[in-house]
Amino acid sequence: MAGAMTVCQKELADHLGSKRYIVLFALILVLSTLSAYQGAEYIKNNPQAGFIAVFSGAQFGFSFTSLMVFFGPIIGLSLGFDAINKERTSGSLSVLLSQPIYRDSVINGKFLAGTSALSLLTVTTIGIMCGVSMPILGFGPTVEDASRIVLFTLLTILYLAFWLALGLLYSTVTKKTSTSILMSVATWLFFSIIITIIALLVANLLVPITLPQGGLTQKYLRSPEFREMMRKRFIIQSNIQRISPAYLYNEASGAILGITGGRPGFIGPGAGRPFRSLELTQGIMATWPQIAALAAGLIICFTASYILFLRLEIRPGG
């Protein structure tokens with residue numbers, strides 16, 4: 001464990017001092033500050049939403065939750081896609097392993113360092129959002145709101161850690177960083193955009209929209225038949241999109257924040273109406289399947305990386 005902490009301290013210092021992390025941190029900080037401002041404006045226009053709507057309200061287009069749905073995978077993958085293969089190619093990994101340190105300490109330390117960096121980014125960002133919103137609104141979160149914010153912060157860290165573990169897996173499987181970054185980008189595009197298109201196409205195929213002879217009318221749109229058809233389409237789309245960690249995070253964050261759900265994407269849950277719909281205990285109970293799925297995905301990805309790294313043939317010079 002001592003070796004893992006030594007590697008963690010070294011890797012964490014590298015992360016915090018790298019231009020990549022600083023640029024990502026600055027980008028998320030600027031976007032989250034803007035989302036906090038528009039969330040506060042949303043609350044002013046919808047007082048019943050409560051302080052918690054700072055994270056879900058979208059006065060001008062995107063909320064913090066939709067921001068994390070879209071950019072969260074980029075943040076996590078960017079810290080993990082070259083964690084192993086970059087050092088393996090440069091030869092520094094063989095030098096490191098020539099020291100009195102176990103292999104598992106190396107990969108454990110790298111994962112702990114990445115998770116610590118992501119936790120720092122998440123906690124700082126959410127804390128700044130609260131600090132920006134309170135002077136604008138003139139009031140702060142209640143005790144229940146504070147509990148929701150803490151749970152939402154932990155959920156966001158879990159979500160980002162999943163993508164970190166996936167990037168670490170790609171870095172372990174591939175020898176070239178160019179290959180691992182292409183795999184990371186392809187995965188991000190599939191789970192963030194393509195899966196939504198696939199779900200829509202399947203829903204159209206299984207439950208096609210049937211138009212009446214007179215075309216779409218207000219009477220038809222309010223009819224039970226049309227509502228039932230849209231309900232079936234929504235169920236099909238939701239079940240397919242639950243393959244995506246982004247959609248799972250979107251559903252879980254909506255339940256924890258006590259808001260009505262939306263669809264994941266850059267203009268996602270914030271485009272909905274984040275009025276309080278679930279009590280805190282109800283929200284926690286409703287999020288267990290999504291949280292369990294994210295945690296299981298994280299464990300599977302890290303375990304696969306761990307096993308592959310222990311069996312990896314590492315020679316001097318790559």
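Are Lys110 and Glu87 buried or exposed? Both are buried, where buried means under 20% relative accessible area, exposed means over 50% and partly exposed covers what lies in between, using a 1.4 Å probe and protein chains only. We'll come back to that pair after a look at the whole chain.

First, some ground rules. This is a predicted model, with residues numbered from 1 along each chain as its sequence is written, and side-chain values use heavy atoms, leaving out hydrogens and water. Local features need pLDDT of at least 70 and side-chain atom pairs count only at pLDDT 80 or more, while totals for chains, interfaces and linings use all residues.

Now the overview. The protein has 12 helices and zero strands; both are DSSP runs numbered from the N terminus, with helices being H or I of at least four residues and strands being E of at least two. Of its 318 residues, 49% count as buried. A contact here means heavy atoms within 4.5 Å. Among contacts between residues at least 6 apart in sequence, 80% join residues at least 24 apart.

On to the inside. In soluble globular proteins, nonpolar side chains tend to be buried together. A nonpolar core is a set of buried Ala, Val, Leu, Ile, Met, Phe, Trp, Tyr and Cys residues joined through side-chain atoms within 4.5 Å. The largest one here has 68 residues, and Val54, Phe55, Phe64, Phe152 and Phe309 touch the most other members. At least two residues of this core come from each of helix H2 (19-45), helix H3 (64-78), H6, helix H7 (143-173), helix H8 (177-206), helix H11 (245-257) and helix H12 (280-311). H7 gives the most to this core, with 14 residues. If you'd like to find Phe309 on screen, look for what it touches: Ile84, Leu93, Arg103, Val106, Ile107, Thr172 and Ile314, not counting residues up to four places away in sequence.

H11 and H12 pack at an angle of about 160°, with their axes 8 Å apart; axes are lines fitted to C-alpha atoms, for helices over the stretch in contact, and angles run from 0 to 180 degrees between N-to-C directions. That makes H11 roughly antiparallel to H12, on a scale where under 35 degrees is roughly parallel, over 145 roughly antiparallel, 65 to 115 roughly perpendicular and the rest oblique. H11 passes H12 in a left-handed crossing, meaning that the near helix is turned anticlockwise from the far one by less than a right angle, whereas clockwise would be right-handed. On the H11 side, the contact includes Pro245, Leu248 and Tyr249, and on the H12 side, Gln290, Ala293 and Leu294 are among the residues involved.

Leu294 makes a handy landmark in H12. Leu294 is buried, with a relative accessible area of 2%. Leaving aside neighbours within four places in sequence, Leu294 is in contact with Leu155, Leu158, Tyr159, Phe162, Pro245, Leu248 and Tyr249. Leu294 and Pro245 are 49 residues apart in sequence, yet their C-alpha atoms are 6.6 Å apart in space.

The other pair is H8 and helix H10 (residues 224-241), packed at an angle of about 145° with axes 9 Å apart. Their crossing is right-handed. Residues meeting there include Ile195, Ala199 and Ala203 in H8, and Ile236 and Ile240 in H10. Asn239 also sits in H10, and at 47% relative accessibility Asn239 counts as partly exposed. From Asn239 to Ala199 is 40 residues in sequence and 8.4 Å in space, C-alpha to C-alpha.

Finally, back to the charges. Side chains of opposite charge can pair when their charged atoms come close. The structure holds eight salt bridges, each being a side-chain nitrogen of Lys or Arg within 4 Å of a carboxyl oxygen of Asp or Glu. In the opening pair, the closest N and O atoms of Lys110 and Glu87 are 2.7 Å apart. Lys10 pairs with Glu11, with closest N and O atoms 3.5 Å apart; Lys10 is partly exposed at 46% relative accessibility, while Glu11 is buried at 10%. Arg242 and Glu251 form another salt bridge, at 3.0 Å between the closest N and O atoms. Salt bridges that share partners join Lys10, Glu11, Asp14, Glu87 and Lys110 into one network.
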